[in-house]
Amino acid sequence: MNVARPLITLGLLAALAACGGAAERFTVRAPAVTEKTSIAFSSVEVRDVSLPTYAAAEEISLQMADGSLVSSTDVLWADAPERAVALELSQNLARMTGRRIASEPWPFEAFPDARLEVRFAEMVATEAGEFRASGQYFVAVPDDRRERSGLFDLSVPFNPEGGANAIATARGQLVLDLARYIAQNGLK
């Protein structure tokens with residue numbers, strides 16, 4: 001670690017690192033879904049969520065000002081990130097739309113009207129207190145309706161002094177914002 005980094009970076013790393021040998025696991029609590037929106041499909045399968053390697057890892061990462069990523073095996077997500085983000089996304093979409101939406105594997109006998117895939121290019125918390133995500137979504141449909149895709153670039157602020165709990169809260173809000181964005185731009 002570069003000793004010239006600001007003291008705040010040391011505080012962030014201390015907040016991320018657990019005091020002891022036992023790993024701490026952090027859950028993402030879903031923020032309340034207060035708005036409703038209509039979509040063009042009665043059922044949607046969240047088929048695949050692809051995260052960058054660092055974001056798919058168990059360790060909670062923090063991106064420093066110089067672009068480097070810092071993580072600790074003592075500070076972990078409570079669930080596998082790709083599975084958790086897919087579940088968060090499908091649950092948020094279901095609450096928002098009132099439609100039958102589930103993550104892969106599709107649990108119903110009848111096939112879904114559409115399949116959603118999300119490929120993240122970036123999903124990271126920064127030492128400056130911003131949780132960012134960018135990437136692309138794809139909506140595939142089995143009938144003659146128009147298939148679509150789109151890009152997203154979203155961010156949510158958080159208090160860096162809150163450590164891993166603040167990062168988990170920001171991730172939950174970001175996935176809710178992404179669900180809203182996809183519902184409005186990709187599922188209409």
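Predicted model: local features only at pLDDT ≥ 70, side-chain atom pairs only at ≥ 80, totals over all residues.
User: Let's start with helix 3. Which of its residues are buried?

Analyst: Here is the general idea: an α-helix has 3.6 residues a turn, so residues three or four places apart point the same way. In this model, the buried residues of helix 3 include Pro 81, Val 85, Glu 88, Leu 89, Asn 92, Leu 93 and Met 96. Helix 3 has 17 residues and spans 24 Å from its first C-alpha to its last, close to the expected 24 Å. Just after helix 3 comes Gly 98, with a positive phi of about 70°.

User: What do those buried residues pack against?

Analyst: Their partners are strand 2, helix 2, strand 5, strand 6, strand 7 and helix 4.

User: Now strand 7. In which sense does it pair with strand 2, parallel or antiparallel?

Analyst: Strand 2 and strand 7 are parallel, over six bridges, and Val 49 stands opposite Val 118. Strand 7 and strand 8 are antiparallel, with ten bridges; there, Ala 125 has Phe 131 as its bridge partner. In the hairpin of these two strands, Gly 129 takes a positive phi near 90°.

User: And the largest nonpolar core: how many residues does it have?

Analyst: It has 48 residues, and Leu 89, Leu 93, Leu 116 and Val 118 are among those with the most contacts inside it. Helix 4 gives the most to this core, with twelve residues.

Methods. Residues numbered from 1 in each chain as written. Heavy atoms only, no water. Core = buried A, V, L, I, M, F, W, Y, C linked by side-chain atoms within 4.5 Å. Buried < 20%, exposed > 50% of the residue type's maximum accessible area, 1.4 Å probe, protein only. Helix = DSSP H or I, 4+ residues; strand = E, 2+ residues; numbered from the N terminus. Expected span 1.5 Å × (residues − 1). Contact = heavy atoms within 4.5 Å. Pairing = 2+ DSSP bridges.
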